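Subject: Structure handover

Hello,

Here is the structure for you to look over. My notes follow below it.

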Amino acid sequence: MPTPHINAQIGDIAKVVLMPGDPKRSEWIAKNFLTNPRLVNDIRGNLAYTGTTDNGIELTVMSSGMGMPSIGIYSHELYTHYGVETIIRVGTCGSYLDSIRIRDLLVAEEAITDSSWAKMHGLPEDYVAKASEELVKITKDESNGEALIGQMISSDTFYDYDENIWKEYQAKGVMGVEMEAYALYCNAMQFKKKAIAICTVSDSFVYKDEISAEERMSSLTKMVKLAIKVAERVSE
Ligand code: HPA
């Protein structure tokens with residue numbers, strides 16, 4: 001039986017879901033990294049494909065759309081209706097620190113936010129949402145030191161009116177910014193499930209550079225391969 005936002009049947013979705021923001025990326029991951037991917041959701045263009053990895057693990061890849069309201073809805077329905085145990089967000093982020101360059105991999109062990117998500121869900125406003133410890137451990141292990149692990153901010157805005165606001169977060173050592181991890185982690189905690197966000201740096205607030213749309217796809221390969229290894233380990 002489907003939900004208001006997902007028309008897959010129960011059983012069409014694997015226990016572990018890889019979740020990029022962009023539906024085209026969902027299709028690209030499914031077609032390039034899964035064997036026999038089949039389309040199991042197309043509502044609102046948020047394509048979901050289920051297939052198997054090279055090591056024979058069943059995996060679903062489904063896009064979340066942009067922002068916390070969107071990933072909040074999809075992760076809620078996947079965790080509570082489809083029996084999903086683990087969601088691994090694979091996305092892009094902006095970086096705040098001098099030591100980070102575009103194409104680097106960042107893992108949000110913790111997420112803070114400027115949104116009202118925590119308050120609206122009865123959590124303290126300064127609540128720090130955490131990735132699943134088990135997934136952080138596995139990701140560290142599988143990344144061979146290639147990923148930087150730390151705190152990120154999930155923001156409600158891509159275009160800030162105050163162009164310098166990011167410097168406040170830089171001063172606190174926040175690695176960078178994306179727009180989804182916080183809500184995903186809160187939902188995982190609420191429903192006693194697992195989540196982690198692995199991001200490729202697509203733009204730097206320090207160096208003011210960014211990767212082009214074409215480069216985005218190729219630089220995502222490293223992140224997707226890492227996420228699939230994590231998915232396989234957590235499925236064991
Ligand atoms: N801000 C928010 N989200 C992002 C960014 C950014 O600069 N880059 C990629 N995702």
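Asp22 counts as partly exposed, because its relative accessibility is 29%. The cut-offs are under 20% relative accessible area for buried and over 50% for exposed, with partly exposed in between (1.4 Å probe, protein chains only). Asp22 sits in the loop between strand 1 (16-19) and helix 1. Helices (H or I, at least four residues) and strands (E, at least two) are DSSP runs, numbered from the N terminus. Asp22 and Ser143 are 121 residues apart along the chain, and their C-alpha atoms are separated by 24 Å.

Before the rest, the basis. This is a predicted model, in which local features need pLDDT of at least 70, side-chain atom pairs count only at pLDDT 80 or more, and totals for chains, interfaces and linings use all residues. Residues are numbered from 1 along each chain as its sequence is written, and side-chain values use heavy atoms, with hydrogens and water left out.

Leu105 belongs to strand 6 (residues 105-113). It counts as buried, because its relative accessibility is 3%.

Now the ligand. The residues around it are Thr92, Cys93, Gly94, Phe158, Val177, Glu178, Met179, Ser202, Asp203 and Phe205. Each has a heavy atom within 4 Å of it.

- Asp203: a side-chain N or O atom is 2.7 Å from a ligand nitrogen.
- Gly94: a backbone N or O atom is 3.3 Å from a ligand nitrogen.
- Thr92: a backbone N or O atom is 3.4 Å from a ligand nitrogen.

On its own, the ligand has 260 Å² of accessible area, and the protein covers 91% of that. Areas come from the Shrake-Rupley method with a 1.4 Å probe; for residues, only the protein chains shown count as cover.

Next, the largest pocket. It holds about 890 Å³ of space. Its lining runs to 33 residues, with Gly94, Phe158, Ser202, Asp203 and Phe205 nearest the centre. On a 1 Å grid over the protein atoms alone, a pocket is an open set of points with protein on both sides within 12 Å along at least five of seven lines, and lining residues have an atom within 4 Å of a point. Grid points are joined across faces, edges and corners, and the volume is the space filled by probe spheres set on them. Strand 5 gives the largest share of the lining, 5 residues.

Helix 6 (residues 181-190) is largely enclosed by the rest of the structure, because 8 of its 10 residues are buried. Those are Ala181, Tyr182, Ala183, Leu184, Tyr185, Cys186, Asn187 and Ala188.

Arg44, not a glycine, has a positive phi of about 55 degrees. Its loop runs between strand 2 (35-41) and strand 3 (48-52). Arg44 counts as exposed, at 71% relative accessibility. Lys208 has a positive phi near 55 degrees. It lies in the loop between strand 10 and helix 7 (213-235). Lys208 is exposed, with a relative accessible area of 64%.

Best wishes

Technical notes
1 Å grid on protein atoms, 1.4 Å probe; cavity = no way out; pocket = protein on both sides within 12 Å on 5 of 7 lines; lining within 4 Å. Polar contact = N/O pair within 3.5 Å; in protein donor to acceptor, adjacent residues only side chain to side chain.
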